[in-house]
Amino acid sequence: MTYKISRRGLIQGAAGAAAAGALGGCAMGGDDSTDDAKGATSANNPLGVKEDAALEVVIFNGGFGEEYAKAHQSMYQERYPKAQIKHSATQQIAETLQPRFVAGDPPDVVNNSGASQIDFNGLVAQGALADLGELLDAPSLDDPNKKVRDTLLPGIVDVGSYDGKFLSLNYAYSAYGIWYSQKLFESRGWEYPKTWDEMIALCKTIKAAGIAPWTYPGKHSRYMSWPIVAAAGKMGGIEVIKAMDNLEPNAWKHEAVKAAAEAYYQLAVDGYLQPGAAGMDHIQAQTEWCRGKAAFLSCGSWLENEQKSVTPPDFRMAVAPTPSLTTGDKMPFEAFRGTGSEPFIVPSKGKNVRGGLEYLRVMLSQKGASDFTRKVSSLTAVQGSSAGIELGPGLTSVTRMIDAAQGGTFTWLYNSYYRKLERERIDAACAELYAKRITAAQWCDKVQKSADEFAQDPAIKKYKRA
Amino acid sequence: MRGKRLFIATFLIPPLLLYGIFVISPYAQAFQISGTNWSGLSPTYEFIGLDNFQRLLGDGYFWNALRHNGLLLLLLPVATILLGLFFASMISVGGRADRVGVHGVRGAGFYRIVYFFPQVLSVAIIGVLWKEMYAPHTGMINGALRAVGLDGLAMAWLGDPRFSFWCVLVVLIWMNVGFYVVLFSAAMQSIPRDLYEAALLDGASRVTTLVRITVPLVWDTIQVAWVYLAIIAIDGFAIVQIITDGGPSSSSDVVGLRLYKTAFADGQFGYASAIGVAMFFLTLTVAAMFLQVTRRDRVEL
């Protein structure tokens, strides 16, 4: 008798194997048990770090690289020589860490940044983040009489807070504004305009001189939403921006928002945008600007570092606040959008939450912060940490802008509350606006419609900005 | 008897296990996850039945992406196969008829290699390459247009919703044609030369030979190519993500990208799995349909 494997038998076998596999490697299964390492608190160790607890840090390996983090880790190691530190760096934060969050085994500190950042809305809604409030109230490393909270620049606590809880530390400080080359402006005798009328007048002069007045990254048109929202906020006051953050009905149809959208739409109508900019990504547009093909560019203060390799040595880039729209603007011309970037989080289910908090405290020390500024040419969230460091012309102009604003900085939070709203919806609406496919009024309608979609989507957790 | 059974089992079980764990189990789990509101960040979730699928029906962004996949499905296989057949027949049998008999055009060996180049590059490199080629000022395409005085045709290709999808389609055809040229020429090599010679003697034109002899005799290969290309058209994720990221204004979005963004950017793995399940059935249906439509009697040689 010969034995034959029947087709049915084969299928049954395969199904059995599949069932075994499904039981063994379920994507949604997880282990909830956490053993938070905790040691005794003391003046030198206010957060109660267990001295020999291992610490795992995952860094986003983007524009800032990972070297700065290794320096922070050796500073931590100096304080806790018995702790074993595990460092890793990746560009795929979400893809790498998502399974570990599910398994209840996340690292202790995560630099949740970059294009594949893990969505904060989800992290917060799931209670996956440790409250960093304790860190804010702990004494700073440099001065035991000063709380960490009081060493931070304005806006840092706001941008990391969700429903009043401080959950994400945005370590780098970014100032947003409109960039130009001081060399170009001086050589032509142009002056940065303080009002929108002056801006339009200057654009006319610039265009007559054979240079495109503005360029912008059409493939990431959200860059050009920043001056609109900033100008609207300066004109109508911070309440205009808070209404956007809180997804209030008709927030984007406020008079100030309409006026700001009209103003920037004017650039497209009058032909003051570089032809072809609609098809550029941010690097291409910024490079055109560095090559002197366009005069103005909307960006944040990472620009200088990002363009380091292509900026001519005597270019002298500088940033300025958005021009005032009217003489009756609620905020002065000097007010600008200043906020944190490069979010660092401490997962609540990490094995060494205390160590994670302490690591952030080390980062926020003067030594940690100035080392960061030196290594990656970016300002940090820590006040005065750039003192004595020789900065490039771009960052120098940022510090000048910070000083001139005298604390009058502001920011919006909808982009961190509802990431997709800015990354996809506002981005798309701006692409249409600056390509003149829709008018300013239609832009307001379109963005409002998107905001309403978010407000009505039960799958999205809502936050309230106070 | 027993020994033989054990012998067969030792060979069968490991691959079946691997297949079960790495192929069937993820599929099965996707079905399960698609019925939940799982965020992908914690082990907690609720079963919400078919809500995700209901939401899918009313999701304009999904339908928009699906429409693009549909267009790709119509155009990509047809264009790629037609080009592939044309190039392959030129390489194999397109040459001038002379005493040597039926052969390819001059330099056929060279073309064969050149057409295969894109296949050697990784998708990521192709994506970045073309993204720069489409760049408005520094890109090669506008540069070439300007060089021949066609400044009016120089566009902001990827920044214009009228063109972005077609730009991606061109890249997809470009990167796939080479492989099918090689596939078809291999199939054409097995067609007896005397068939062509007989046809030529009867005064058949080149088009007639292609349509009446070549195509019917490589039909099996075309059929396989069709299914492969259809699957590529339903996917399209990698190239779209690199070149346009779906933009501007979702004008080049595809379902795969929507799925990826829903899962990893929006943290909605439940909904993303529902998109995946929809795609699974779509691919299955399309493959079955194509096989059915292109079914023909085999020609025995």
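Setting aside neighbours within four places in sequence, Gln284(A) is in contact (heavy atoms within 4.5 Å) with Gly279(A), Lys131(B), Glu132(B), Ala135(B) and Pro136(B). That makes a handy way into this predicted model, where 52 residues of chain A are in contact with 48 residues of chain B.

Residues are numbered from 1 along each chain as its sequence is written, chains are lettered from A and ligands numbered from 1 in the order in which they are written, and side-chain values use heavy atoms, with hydrogens and water left out.

- You can find Gln284(A) in helix 12 (residues 282-290) of chain A; helices (H or I, at least four residues) and strands (E, at least two) are DSSP runs, numbered from the N terminus.
- Gln284(A) is buried, as its relative accessible area is 11%; buried means under 20% relative accessible area, exposed over 50%, and partly exposed in between (1.4 Å probe, protein chains only).
- The side chains of Gln284(A) and Glu132(B) are joined by a polar contact of 3.1 Å. A polar contact is a pair of N or O atoms within 3.5 Å; within protein, one must be able to donate a hydrogen and the other to accept it, and residues adjacent in sequence count only if both atoms are side-chain atoms.

**Where chain A meets chain B**

- Between them, chain A and chain B bury about 4000 Å², with 60% of it on carbon and sulfur atoms. Buried area here is the accessible area (1.4 Å probe) that two parts lose on being put together, summed over both.
- The rule finds 4 salt bridges across this interface of chain A and chain B, a salt bridge being a side-chain nitrogen of Lys or Arg within 4 Å of a carboxyl oxygen of Asp or Glu.
- Arg55(B) forms a salt bridge with Asp457(A), and their closest N and O atoms are 3.9 Å apart.
- Polar contacts across the interface of chain A and chain B come to 13 residue pairs (both at pLDDT 80 or more).
- On the side of chain A that touches chain B, two or more residues come from each of helix 1 (7-24), helix 3 (93-102), helix 4, helix 12 and helix 18 of chain A.
- Helix 18 of chain A gives the most to that side, with 7 residues.
- By type, the residues on the side of chain A that touches chain B are 23 nonpolar, 13 polar and 16 charged. Ala, Val, Leu, Ile, Met, Phe, Trp, Tyr, Cys and Pro count as nonpolar, Asp, Glu, Lys and Arg as charged, and the others, Gly among them, as polar.

**The two domains of chain A**

- Chain A is assigned domain 1 (55-173 + 339-396) and domain 2 (174-338 + 411-456), with bounds from an automatic or database domain assignment.
- The C-alpha centres of domain 1 and domain 2 of chain A are 29 Å apart.
- Domain 1 of chain A puts 22 residues in contact with 18 residues of domain 2 of chain A.
- Together, domain 1 and domain 2 of chain A bury about 1600 Å², 46% of it on carbon and sulfur atoms.
- Tyr173(A), Thr339(A) and Gly394(A) supply 31% of the area that domain 1 of chain A buries against domain 2 of chain A, more than any other three residues.
- Thr339(A) sits in strand 10 of chain A and counts as buried because its relative accessibility is 3%.

**Over in chain B**

- Helix 12 (residues 255-265) of chain B is mostly covered, with 8 of its 11 residues buried.
- The cover over those buried residues includes helix 18 (419-434) of chain A, along with helix 3 (60-93), helix 11 (237-243) and helix 13 (269-293) of chain B.
- Just after helix 12 of chain B, Gly267(B) has a positive phi of about 60 degrees.
- Arg2(B), in helix 1 (residues 2-33) of chain B, counts as exposed because its relative accessibility is 69%.

Methods:
This is a predicted model: local features need pLDDT of at least 70, side-chain atom pairs count only at pLDDT 80 or more; totals for chains, interfaces and linings use all residues.
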